[in-house]
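Open the model in your viewer and keep the selection tool ready. The tour goes stop by stop.

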Amino acid sequence: MGSRVFIDGAAGTTGLEIADRLKGRAEFELLILDDASRKSSGARRDALHAADFAILCLHDDAAREAVDLAQGSTVRIIDASTAHRVAPGWTYGFPEVVGRDAVASADRVSNPGCYSTGFIALLAPLVRAGLLPADWPYTCNAVSGFSGGGKALIERYAADTDIAWRGYALALGHKHVPEMQAQCGLALPPLFTPAVIPAHRGMVVEIPLPLMAMPAAASPAELRAALQAFYSGSPVVHVREDTPDELLLRASMGPSDRLDLFVLGNADGTQARLVAMLDNLGKGASGAAVQSLNLMSGCAETAGLVL
Ligand SMILES: NC(=O)C1=CN([C@@H]2O[C@H](COP(=O)(O)OP(=O)(O)OC[C@H]3O[C@@H](n4cnc5c(N)ncnc54)[C@H](OP(=O)(O)O)[C@@H]3O)[C@@H](O)[C@H]2O)C=CC1
Ligand SMILES: CC(=O)N[C@@H](CCC(=O)OP(=O)(O)O)C(=O)O
């Protein structure tokens, strides 16, 4: 029999996509509560204590409750919520950035936020290598498909098909900022401006770089080469060599666990745009959780992923 995996919140947007990626895999036996018991603390406690792994696909309060309910068990937890992203004792579930061994051996893994995945993938290796300053006030502009807001935002977009663009987090306090700052080792919190577009899934995360004004900044070509070396051989993260005239996000895109990174520079190398494209429900959520589960359970890292 395979490892028992409890998906807490299996009826939600992230939970359903994780179940899709795990179904048919002989290495795992899925524990999923039925509709009548899926919110019962007693049933969830029993499942957490019976499982080898639990993936929490819940809002923050319910995720914290699940961690409390798991006390005294041996279950190893992957939390997709924001609740433990910068919490002591939790490993940040971004194996390419924190190291595969760190994730593989962890008992408490916090799945990265979707926007944070793009931001950290672009910036953390470059700041770490000293090619971009840690004490710069970075900005980050991003758009997400509406599934990023879970069932509530999906229902809102179904009811109102006239929304062409929805800016939010207008008070600049988005919940992903602390993990972005922590994982990139930044002295200052980035100024983050997310928005939602009328597409079910898909995400673009961009960091504009005024290189001419930045102390000790490398050229766009050096930045691209450094990212290519850092992610060399990764089946998930692809640093693109091409510098296209346009980048398109298709409203019809299907599930994908890939992450594509671009370094776009002007002719004299004094300005650059770092751009990440991903599926908020893929490498931004469910694909990342399955990748960490694979590592923690000793399976091939990309088994079940859509690449
Ligand atoms: N959607 C995305 O792109 C991403 C989501 N995440 C994170 O993943 C987590 C889940 O998000 P998402 O799937 O979008 O949200 P959804 O709202 O789609 O799903 C949440 C699920 O949790 C259920 N639920 C609520 N309260 C409880 C409870 N006390 N016990 C058990 N189940 C409960 C809900 O049931 P009901 O609807 O019946 O109340 C729902 O099925 C969140 O923390 C989110 O921030 C992370 C990255 C990306
Ligand atoms: C479009 C949209 O609303 N997106 C969500 C983030 C989705 C995500 O990454 O969720 P967690 O960080 O909670 O895991 C938001 O901005 O709050």
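**Stop 1: helix H10**

Select residues 282-296, which form helix H10 in this predicted model. A straight helix of 15 residues, at 1.5 Å a residue, would span 21 Å, but the end C-alpha atoms of H10 are only 18 Å apart. Now look along H10 for a bend: it has a kink of about 45°, centred on Ala-288.

Next, show the surroundings of H10. Because 15 of the 15 residues of H10 are buried, the helix is largely enclosed by the rest of the structure. Then step past its end to Gly-298, which follows H10 and has a positive phi, near 80°.

**Stop 2: two domains**

Colour the chain by its two parts: domain 1 covers 3-112 + 285-296, and domain 2 covers 114-280. Their centres, taken over C-alpha atoms, are separated by 25 Å.

**Stop 3: ligand 2**

Select ligand 2 and the 13 residues that surround it. The closest are Gly-113, Cys-114, Ser-144, Gly-148 and Gly-149. Both domains take part, as domain 1 and domain 2 each provide at least three residues of the shell. Coloured by class, the shell around ligand 2 shows five nonpolar, seven polar and one charged residues.

Key. Residues numbered from 1 in each chain as written. Chains lettered and ligands numbered in written order. Predicted model: local features only at pLDDT ≥ 70, side-chain atom pairs only at ≥ 80, totals over all residues. Helix = DSSP H or I, 4+ residues; strand = E, 2+ residues; numbered from the N terminus. Expected span 1.5 Å × (residues − 1). Bend = angle between axes of the 7 residues up to and from the residue. Buried ≥ 20, exposed ≤ 12 C-beta atoms within 10 Å, placed from the backbone. Near = placed C-beta within 6 Å. Nonpolar A, V, L, I, M, F, W, Y, C, P; charged D, E, K, R; others polar. Domains from an automatic or database assignment.
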